[in-house]
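Trainee: Please take me through this model one question at a time, giving the cut-off behind each term as it comes up.

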Amino acid sequence: MPELPEVEVIRRGLVRELAGKRFTAVKVGTLSLRRQSTREDLKTWTVGRRIQSLSRRGKYLLFHLEGGAILLVHLGMTGRLLISPASRKPQAHVHVTFRLENRLALHFQDVRRFGQILVYAPGQTPEPLALLGMEPLARSVTPRLLHTLTRGKRGPLKNFLIDGRVLAGIGNIYACEIMHAARLSPVMPVGCLSPSDCERLLRETRRILRQAIRRGGTTVSDFLNSRGETGLFRLDLQAYGREGAPCPGCGQPIARLTQAGRSTFFCPSCQRLRG
DNA sequence: CACCCCACCTGCGTGC
DNA sequence: TGCACGCAGGTGGGGT
């Protein structure tokens, strides 16, 4: 569920409420996540430390703690980070709960348990970040650079967009929306993109990601921000999840196909394969 | 190395 | 009402 915009929305919510606060306790459940530091490590590197800042890398969220330790969180498909008063009774599927000053609690809730919670001692570099690609919103990413990266590749555009080793943070929903906005076919071999295609692709990528952040993310079924609120970008979706519904651009029905094992929604009329 | 497929999980909607 | 099946925003490991 959570792609770059959702993680960024969560990050901003957490900054507002948790920056400068100190962890006072951590409670770890019995079921483990896809990757998870031990209870002891979580306790050692969080309890007693203040949250100095929060950053995001792709779909990963980083809590930068006093003394240099890092708490790294990935939400997988159904993960949530929810802030509540510490007195609130625990909800189902909460696997880790951090207590903070001011009687606050931060809950990691994840039905499918594809999420990750990892801590790193000061000076350690989180290894999940090592292979991550560029931030699509970074100024250093230019149409020319994107064009260079596509040269010699034979895979389809869709696979390229969701490959986190190239651009970090774009998942299935936003890949569909970006390709629709850029009027590019999901099956187009990415090596065939022209420089102007790449310029349009990057422009639409940024516009859509920024718009989704402004709208508080996309809630299809599970996503909630740190206050438990849904995201409104679902109302702006032009292609994703709209199989059979009219394309907002041309009125032709949105089609669906499977790429890299997941559904792609697109308009066969607006997103034609061109030479 | 680049791809594809599946595994990892739970829940929900659909069709029989 | 019940059950089987397919599908869901994620990554990563193993095989070809």
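Trainee: Leaving aside its neighbours within four places in sequence, which residues is Thr205 in contact with?
Mentor: Contact means that heavy atoms lie within 4.5 Å, and neighbours within four places of Thr205 in sequence are left aside here. What remains in contact with Thr205 is Pro136, Ile170 and Ile178.

Trainee: What kind of model is this?
Mentor: Residues are numbered from 1 along each chain as its sequence is written, chains are lettered from A and ligands numbered from 1 in the order in which they are written, and side-chain values use heavy atoms, with hydrogens and water left out. Local features need pLDDT of at least 70, side-chain atom pairs count only at pLDDT 80 or more, and totals for chains, interfaces and linings use all residues, this being a predicted model.

Trainee: Is Thr205 buried or exposed?
Mentor: Thr205 lies in helix H6, where helices (H or I, at least four residues) and strands (E, at least two) are DSSP runs numbered from the N terminus. Buried means under 20% relative accessible area, exposed over 50%, and partly exposed in between, with a 1.4 Å probe and protein chains only. Because its relative accessibility is 2%, Thr205 counts as buried.

Trainee: Which residue's backbone nitrogen does the side chain of Thr219 reach?
Mentor: Thr219 is found in the loop between helix H6 (195–214) and strand S10 (255–259), and it is buried, with a relative accessible area of 8%. Leaving aside neighbours within four places in sequence, Thr219 is in contact with residues including Thr230 and Arg234. At 2.6 Å, its side chain reaches the backbone nitrogen of Gly231.

Trainee: Why is chain A described as being as compact as a globular protein of its length?
Mentor: There are six helices and 11 strands in chain A, and its C-alpha trace spans about 60 × 35 × 30 Å along the principal axes. The radius of gyration is taken over C-alpha atoms, and the globule rule is 2.2 Å times the number of residues to the power 0.38. Chain A is as compact as a globular protein of that length because its radius of gyration, 20 Å, is close to the value that the rule gives for 275 residues, 19 Å.

Trainee: How many disulfides are there in the whole structure?
Mentor: A disulfide is taken as a pair of cysteine sulfur atoms within 2.5 Å. The nearest cysteine sulfur to that of Cys176 belongs to Cys267, 13 Å away, while the sulfur of Cys198 is 11 Å from the closest one, in Cys192, and therefore too far for a bond. Cys176 is buried, at 0% relative accessible area, and a search of the whole structure for disulfides finds zero.

Methods
Polar contact = N/O pair within 3.5 Å; in protein donor to acceptor, adjacent residues only side chain to side chain.
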